[in-house]
Amino acid sequence: NAGPISMEKNANGLQVQTTVQDAEGTTYHLKRTVEPHSHDGTLLMRLSITADRDREIYHLPWVTLFPGFTTFGERKTQAIVSGVEYLEDEPSSSEADFNAEQAERRIVDDYKLTLPMMALHHEGHYMGLVWNRKDHPAAVFDSPDRVFHSGAHLMGLWQPGTGDLRMENQFSVLGTFTLNQDVPLQFEVLLIGDEGKSIVNAIQHYVALRGLPELPSFEGAFELATRLLAGGWLDSGVHEDGLWRHAFWGDSFGPIAAADAPVYMRWLAAHTNEPSLADRLRQGAEKGLA
C-alpha cells in the first residue's frame, strides 16, 4: 500500500516523500531531494529509504531513467559507459567486437568501469549520471532499452551491485542485504546535462566535477614494464626475424617491416637497467632497420 506523495519546493530545490507498506505491515519511508550543484549543468539528487523494522531487501532501484522517452526515442548521436561502451548510433552490447557472452554489457562488474559515469548525447545535448564508487551500485545501461521496451534508452543505478549478491549481467539476484530498523539507507547521484558537440563534453563535465583518478604506483613498475615490452618486441609471436606482425592470431597477420618497432626498442634499450637486455634490444632494432 502506497501513501500520498508530498512534494515541497524550498530555497535549495525540491523534496519528495512518501510511505509504502508491504504485505507484512512494514512501513518504508522514501525521500528524494533534488537541488542545484555548484557546477553548472549539474543536479545533486539525494535518496533515502527507512523501514520501521529490520528487513531483507532483494532489489532497490535507486535511479532508473529512460532518456529519449516520448522525445527522440531510441536514436542517439553517441553514448558512453566509461571503460565498457563507447557508441555511435548503434546498439549497446553488440557482437561487433565480442562473442555473444562477452558482448553482454548491461550490468558489468565494477572493476571494468574506468569512471563511475554513464552518459548519452543526441543532437547537440548530453545527459548522464555520476555516482560515488564506494556506494557500489549495479550500473545498468541499455541503448536502446531492450529490458523494459520503453522505446527509449535505459540508465539505472540499482542495489545490490555486482559481487556476492549479483552476478555480472544478471537482473535477478542471489540473496538479500539488510535494511536495519529506523536506520536510513542513503544514496547520492549527480545528474549532468548541457549543450555539447559530442559525448566528449560529458566526459569533460565529469572531470570538472571529480578530476581524474590517481595514477597507480607499484614498486619496480617501470623496470617491470620495460622488461615486459621488450619481451613483446623480441620474444613474442609478433616478432619474426626482424619483421613484426600487427597481432599474433594464427596466420591472420603476416610479418612485415615496421619502423615503429626499432624506435620503441631503441627507447627501451636506453631506459632498461639490464645491460644484456639493452644489447638484445639494440641488435633487434638494427636488424629491423636493415
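**A pocket and a helix pair**

The largest pocket has a volume of about 300 Å³. The model is predicted, and local features need pLDDT of at least 70, while side-chain atom pairs count only at pLDDT 80 or more. Residues are numbered from 1 along each chain.

User: What makes a space a pocket here?
Analyst: On a 1 Å grid, a pocket is an open set of points with protein on both sides within 12 Å along at least five of seven lines.

User: Which residues lie nearest the centre of the largest pocket?
Analyst: Leu 30, Ser 48, Ile 49, Leu 60 and Pro 61, out of 16 lining residues. Lining residues have an atom within 4 Å of a point.

User: Which element gives the largest share of the lining?
Analyst: Strand 3, with four residues.

User: How does the lining of the largest pocket divide by class?
Analyst: The lining has 10 nonpolar, four polar and two charged residues. Asp, Glu, Lys and Arg count as charged.

User: Why is helix 3 called oblique to helix 5?
Analyst: The axes of helix 3 (residues 221-235) and helix 5 (residues 275-289) cross at roughly 40 degrees. Angles under 35 degrees count as roughly parallel, over 145 as roughly antiparallel, 65 to 115 as roughly perpendicular and the rest as oblique. Therefore helix 3 is oblique to helix 5.

User: Which residues make the contact?
Analyst: Helix 3 gives Arg 227, Ala 230, Leu 234 and Asp 235. Helix 5 gives Leu 277, Arg 280, Leu 281 and Gly 284. Contact means heavy atoms within 4.5 Å. By class, the contact has four nonpolar, one polar and three charged residues.

Terms used:
Heavy atoms only, no water. Axes fitted to C-alpha atoms, helices over the stretch in contact; angles between N-to-C directions. Helix = DSSP H or I, 4+ residues; strand = E, 2+ residues; numbered from the N terminus. 1 Å grid on protein atoms, 1.4 Å probe; cavity = no way out; pocket = protein on both sides within 12 Å on 5 of 7 lines; lining within 4 Å. Points joined across faces, edges and corners; volume = space filled by probe spheres on them.
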